[in-house]
Amino acid sequence: MSDSHASADYPFTHGDSGEVPAHAEHPAYLRHHFNSVEQQADTTNFAMWLFLLTEVMFFGGLFTAYLIYRNWYYPAFVAGSHQLSIPLGAFNTLLLITSSFTMAMGVWCAETRRKSGLVLCLILTFILGLGFLGIKTIEYSEKIEKHHVPGFHYSLSSFLDPDSDAAAKAAGDKPMALDMARHTEVYFSLYFAMTGMHALHMIIGIAILGFMIYRAHAGAYTTGHVTFVENFGLYWHFVDIVWIFLFPLLYLISRH
Amino acid sequence: MSEQNEHAHHIVSPMVYLIILLALLVGTATTVWASYIDLGEWTPLPGLVIAWNPIVALAIACTKATLVVLFFMHVKYSTRLTMLTVFSGIFMFLTLVGMTLADYISRAWGRW
């Protein structure tokens, strides 16, 4: 506890002399309840990781549900997976991994105090994130057109009569029994729940990125206080990791 | 890791980020490629069939996630508190998933 201004009389004995020299000996961004900049950075980093662990548990529940239903209704999951486009999914993986790289580079620019570099990296991350959501929109709209969204209008025709469906025909699917075909709805429920929650995280991330671009343009984050950019980077990389697991589990079931 | 360096803010170089990016792209290409190949099955017990394809896909995904956590998320260069936090979180997650799956696998044990 070797805090520079934590003497016993602080701040009351300064009452008569007027100004409290609160920011005289430390950077303005050091909050008064921390001992040092290092302690503040470590604490916020720790708190961010605790938040990410709650996110791990949140997505973990979805992944566990996926694993169990996949074991129960494996043929339905295979047929459902054949409705997804591997090129679109792989391209989205490429976009998201690259956006993680540009985000990491943004953190580096903030640490080395490169303002224009930081703004550029954040804008690239923003654009790559929007590109991901754009492709996801194309995929979702195809599912809506084919009535593969779980609900009253769900259509089983791609699974009962695979020859009527280009994707099912290309994958060489055989007609399924009605009870197993109906379980493709479970696959698509999990598909929309998992990719939807992932997309929501992307939307929140992109909104925060917009705010950060505005702030970085005004000169924030490149004066030695990089905590916000660094912790947002952790969030963005976490969203990337979720997709790294979603892509093989949802798109790549039994393609051989 | 030495104690003195633990609190020094480590700046990861762009070259490390670039190498990780390339490794992640190679991993993505590998997982797509591997999904088109039939890697066969393993039957350790009668009725218990383990397919290799999803195991390989998950192994590649775990490798990619580890690279992201260690380098993009700076855990390799973080304090021991952060390392312990990340490790305990993953351990907790695997414990919960493992125990849940153990229940579903063993519920009808011997009645296949």
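Predicted model: local features only at pLDDT ≥ 70, side-chain atom pairs only at ≥ 80, totals over all residues.
Biologist: Start with the interface. How many residues are in contact between chain A and chain B?

Modeller: On chain A, 44 residues are in contact with 46 residues of chain B.

Biologist: And what area is buried between them?

Modeller: About 3800 Å². Carbon and sulfur atoms give 81% of that.

Biologist: Which three residues supply more of the area that chain A buries than any other three?

Modeller: W49(A), F101(A) and H256(A). They supply 16% of what chain A buries against chain B.

Biologist: What about polar terms? How many salt bridges and polar contacts are there between the chains?

Modeller: The salt bridge count between chain A and chain B is 0. For polar contact, the count is 2 residue pairs, both at pLDDT 80 or more.

Biologist: Which elements of chain A give two or more residues to that side?

Modeller: α1 (37-72), α3 (86-111) and α9 (227-251) of chain A. The largest share comes from α1(A), with 16 residues.

Biologist: Switching to salt bridges. How many over all chains?

Modeller: The count is 5. One of them joins E139(A) and K136(A), at 2.9 Å from N to O.

Biologist: Where do those two lie?

Modeller: Both are in helix α4 (residues 115-145) of chain A. They are 3 residues apart, about one turn of the helix.

Biologist: Is that pair buried or exposed?

Modeller: Buried. E139(A) has 4% relative accessibility, and K136(A) has a relative accessible area of 2%. Both count as buried because the cut-off is under 20%.

Biologist: Now K146(A). Which residue does its salt bridge at 3.1 Å go to?

Modeller: D165(A), taking the closest N and O atoms. K146(A) lies in the loop between α4 and α5 (157-160) of chain A, and D165(A) in the loop between α5 and α6 (166-170), so the pair ties together parts 19 residues apart in sequence.

Biologist: Which residues make up the network there?

Modeller: Salt bridges that share partners join E142(A), K143(A), K146(A) and D165(A). Within it, E142(A) meets K146(A) at 3.5 Å, N to O.

Biologist: How accessible are they?

Modeller: E142(A) is partly exposed at 30%. K146(A) is also partly exposed, at 23%. D165(A) is buried at 4%.

Biologist: Last topic, chain B. Which residues form the nonpolar surface patch?

Modeller: W33(B), Y36(B), I37(B), L39(B), W42(B), W52(B) and I55(B). Together they have about 710 Å² of accessible area.

Biologist: Where is Y36(B) found?

Modeller: In the loop between α1 (14-35) and β1 (41-45) of chain B. Y36(B) counts as partly exposed, at 46% relative accessibility.

Notes: Residues numbered from 1 in each chain as written. Chains lettered and ligands numbered in written order. Heavy atoms only, no water. Patch = residues over 30% accessible without salt bridge, like charges linked within 9 Å, V, L, I, M, F, W, Y side chains within 5 Å. Areas by Shrake-Rupley, 256 points an atom, 1.4 Å probe, with all protein chains shown as cover. Salt bridge = Lys/Arg side-chain N within 4 Å of Asp/Glu carboxyl O. Helix = DSSP H or I, 4+ residues; strand = E, 2+ residues; numbered from the N terminus. Buried < 20%, exposed > 50% of the residue type's maximum accessible area, 1.4 Å probe, protein only. Contact = heavy atoms within 4.5 Å. Buried area = accessible area lost by both parts, 1.4 Å probe. Polar contact = N/O pair within 3.5 Å; in protein donor to acceptor, adjacent residues only side chain to side chain.
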